[in-house]
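Visitor: Please pick one part of this model and take me through it closely. I want how its elements pair and what packs on it.

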Amino acid sequence: MERTGWILVTSCLVALVSSQGCPDDDLNLKKWSDDATWNGQLPQEGDSLVIQDGDSFLLDTSPPPLDSITIESGGKLVVADGMDIKLSVKYILIRGEMHVGSEDCKFTGKLHITLRGNLGEYKVDGFGEKFIGVASGGVLEIHGEYRLPWTKLASNVKAVDFISNVKNIAINANKQDNAEVKDDDEDDEGSDDVESDDDKSNTADATTDPNVRESIKMEALVIYVFNEQTGVMESAARLVTTGGKPKDFPKKVEEAREVLDSIPAGRIVAIALKRRFRVGKVDTSGLFDMLEQWAYGAVDGSSLKFRDYKFHGAWAMIKKQGDDSSIQELLLNDDGKPLRIAELYHMENGLKFSVRSWVHTVRRNQCYCRGKSSSLSIINLVDDVQTWRKGDQVVLLSTDFDWEQREFGNIIDCPSCTSNQLLLDLEPRFDHFGEIYKNVDMRGEVALTNRTIVIEGEADANGKKMGGHIKFLKGFKTVQVNNVELVRMGQQTSLGNYPLHFHMCGDVDDREKPSLLSGNSIRDSFARCITVHGSHGAQVKNNFCLNTLGHGYFLEDGGEKRTVLDGNLGAGQKRSSLIETDKFPTTFWITNPQTYVRNNVAAGGEGHGFWFVYPNQPWDASKGLGMMELYEAMHTAIFEFDNNVAHSYKKSGLFIDNILKEDGSLGNTNTYEPWNDPKDPDSGAKMVTISRLTAYKNMKQNAWINGGYIKVTQSSFSDSIIGLTFKRSSPQEQLLDHSVFVGDSPNIGSASVVSNSKFKTWGRSVPLEFADQPRQGFVFYHGPVYVSDTWFGDFADTDNYRSGALGFQRDNDGHSSPISAVSGIKFSFSDPLEGNRVFDGNATDTGFTENDGDLIGTFRDTDGTVYKAGAQIVKDILFHSTPNCVQRTNWKMMACEETFGQVRLSWGSWGWKAKNGASDVSIYRDDLPDNPIAADSKQQAPFMALLGGQYSYMARMNGNMPKSVKFTALGFTKAQTARVGLCVPRDATVKVKFLDLSDSSWKKGSEVTSLDELDASTNPTDFFADSEVGVVFFKPMHDREYTSTDLTDCLDSTCPSVTVTVSGGDSTDSDCISRAYPKYQRESSDVSLEPDTTSLPLADLYPPSGWGAGSTRD
């Protein structure tokens, strides 16, 4: 049935009234509860209501479940404040206005909107099913009462140490068996274990303790008695059982009555069902009457829930002896699912007493009951939480590697608590860190889950992951949704249906009011939390997003500009299959650099915390709409990234890399190169600043950043396999300064147990997949990277893994810059006794290899704050060594006084190499020809070259000679160069060309008559060829020297390059080494690798003020 309203209110009058007070004060609103509003016939269940132009209604009652509400343009629906209203509807379509409170008049009542519907029942154009939709011209303003969305711990919360914890009746095993803490709480609905009703087999009965054995097998009501002052369990025993002869049951009931009556007043008494109660075997009426009298003070035949017990039910009861008002009882009968847990709590004298009945219909031999007691500790918080109230639910998020260590509790009375404290009915299973350690803020987040306004999606009757959704379309007038709780929203059944969703709206920051989503709690979503799609200028502030399938805060197509993400908290993003990238669920998925990202916390999940990934141009629905030009995002600097936190992810805290392809999949590398004008390559580089990032306890790495001209400043990293890796995919340099790196902090977490060939217990939590891999603070990769004024602490080796403050990309088959440098570095430990300033593993270390890139890891110690001023740190192999090098064995590196550059060789395609050979090359140092290295050219074949002219090199192709070989020299200058030779077929025609540095054209080389003439030459195009030996020599050089402002591998962005082209001759004659040496062998250097074990002292125990992110919330 479709109903339409008939109230006419002029728009000018409505505007006048609205400006003068709360929206529900408008005297022109007609009360929903008034019969006259509906001509004597109030809306009935299943009605579809249409609020027409001029109609204005005040929802002041809970109507029966409706089919739908449509508010046409000019119509208005206002929810009355100060009431408890429930609205059940399939959808609400808004072309007019819907108001729940206002900016200046927050809604203080209770409102619960349920969105109903099963997949495929109906479809509304533009919105689909099960929604609140705001169409063009629509206004949706929901302003719930302000509740602080989240805060941080101000001190540590320790895992509970139970006073008493007894499973079944084995009180002699108090606190020894906590098996149900996690796994037994899970619903084994998929179990195919089949067990007979007699349960004759029981693997748990293998114990030799007869008391424990009896405790496991019994079927009974079990009673636990606690001392209310100390929390100590005074007894745990069978109260009554249906076993034995039925005629003896009344006697058992009488004995149970005597037990209950004998308990002193004030004691806490808990009763729970262990396994099952065979009510059909005995007459239970006497038992029920006895329990009802004891529990409720009278027998009325209806108060005791246990009267309705059914087979496979779980039941528990708890009360304070002598206080009938304290009684709590819970019965959970068989609901078709295999697991039921009836659990109750009683609070007394700062103690928590709990009882549990755990019944499983399949794993019946594991059913149990449990009584526990523990002290409740006041939780200290950073912020004033007076907007949180008794009965509210809060969640303590994980501060460990495992994001699932989040724990829920309800606020209980605490007369002694200050405004920054609260007391929860929570027995923490895990430690939650609450400290700022050496400028790394690892204080755990505490969030409020509930609000007074609730919008939830009703469960789909067919089990589909189809919740409700709220969508805003282009042309809406106002959207503000603030301080609302959204539960079971989002839909995995189709794209485009998310809890809160700006959909293809264009500019939304051109309204009178900001388009704002703020202070909302969104949890248990089937798809996302907040989506911005094809919309610009949306403000997303101070929301809490918990437990979603796929990404959390989601910018969809890459065209979304000027989005503000400020003060949001998210956690629990899990893998899904809605789109391709949901395999890597990310809390903040950001596809456009024109985004403001500040003061947010990503607090754990199955993928990444923050991921910046851009398409070459907006794709899907945003393609071709002019939002961003082709490659514009690739050259646009991130608008803002400041004071964000990421921890407890399986992958990374912050990840900046990859390209979002048009089919929704990911490309390999982002080639991110920001310019001052993203559309003008000649406009110069524009710096991206990542400031005050805090990242800790992320399993794979705390941060991975790919791109050019990026500076990370005042940031803090702790407790991960890798603190920060810079990768570069553009010619621009990268910078790190005023930051802090901690290896293993006092945030120990829950000690991990890893099983490989045998169980191994670690002294702290470890990322299980990488448990025994070395820990690294800052990792040099492509570069050049310049690290300055940065502090490192707690990088000591353990019995299980190595550690190093500075390190290099592991398993590196790529390349690294030879001119990366450090200065102003501070260490809080002496080396090697207390830690390692540098560490780079080799093939003997888990996770490391000896690929080409592994051999060229290097950086320059500019001011001696790592080892010695001017030293270059290189891999400790003989090929790099000189008499001026010293080996630091604990680093697996050398420090050399000489300057190194790098030469990279490239030739042919991989297809050619596979067909014709020469898949790798051997490089010889002329003074050490017996110790060559090999490089395979997967990413160009690199080798480190000592500069200055004293050392020279020769390359030999290991296979057929290719037609041409290109040499590219990095870090070379006019004076700092090295001679390089290449073996060529003796009967071939050889041409040598050099890259003209002025115009990037190739110039023919000038052949000189002797090697001595080449060595003395300063002409960058000279070369010398020896056809008898079959070798050609040249010296790559630049036309000037480095200055203090030059930071790139190649001066003026142009690398000295040489191409040797070979034609004719025998291509198999590519090995000249036996002829070249000793003819061109230089005098051998004294290069024995002498270890230096000198102690390098600590600099500062604590980071200087202003280094690191420090406090992220004051």
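**From the annotated span to the sheet**

Guide: An unreviewed UniProt entry annotates residues 36–155 as "domain: G8". UniProt positions are in the numbering used here, feature names are shortened, and annotations may be inferred rather than shown by experiment. The model is predicted: local features need pLDDT of at least 70, side-chain atom pairs count only at pLDDT 80 or more, and totals for chains, interfaces and linings use all residues. Residues are numbered from 1 along each chain as its sequence is written, and side-chain values use heavy atoms, leaving out hydrogens and water.

The span 36–155 is 0% helix and 40% strand, with its end C-alpha atoms 59 Å apart. Helices (H or I, at least four residues) and strands (E, at least two) are DSSP runs, numbered from the N terminus.

Now the close look. Five strands form an open antiparallel sheet, ordered S16-S15-S17-S18-S19. Pairing requires at least two DSSP bridges between two strands. From one strand to the next, the twist averages 15°. Axes are lines fitted to C-alpha atoms, for helices over the stretch in contact; angles run from 0 to 180 degrees between N-to-C directions.

Seven bridges join S15 (residues 220–226) to S17 (residues 268–274). There, Ala 220 stands opposite Lys 274 in S17.

Two helices pack on the sheet, with contact meaning heavy atoms within 4.5 Å. Helix H3 (residues 249–261) touches S15, S16 and S17, at about 160° to S16. Helix H4 (residues 285–296) touches S15, S16, S17, S18 (314–320) and S19. The direction of H4 makes about 135° with that of S19.
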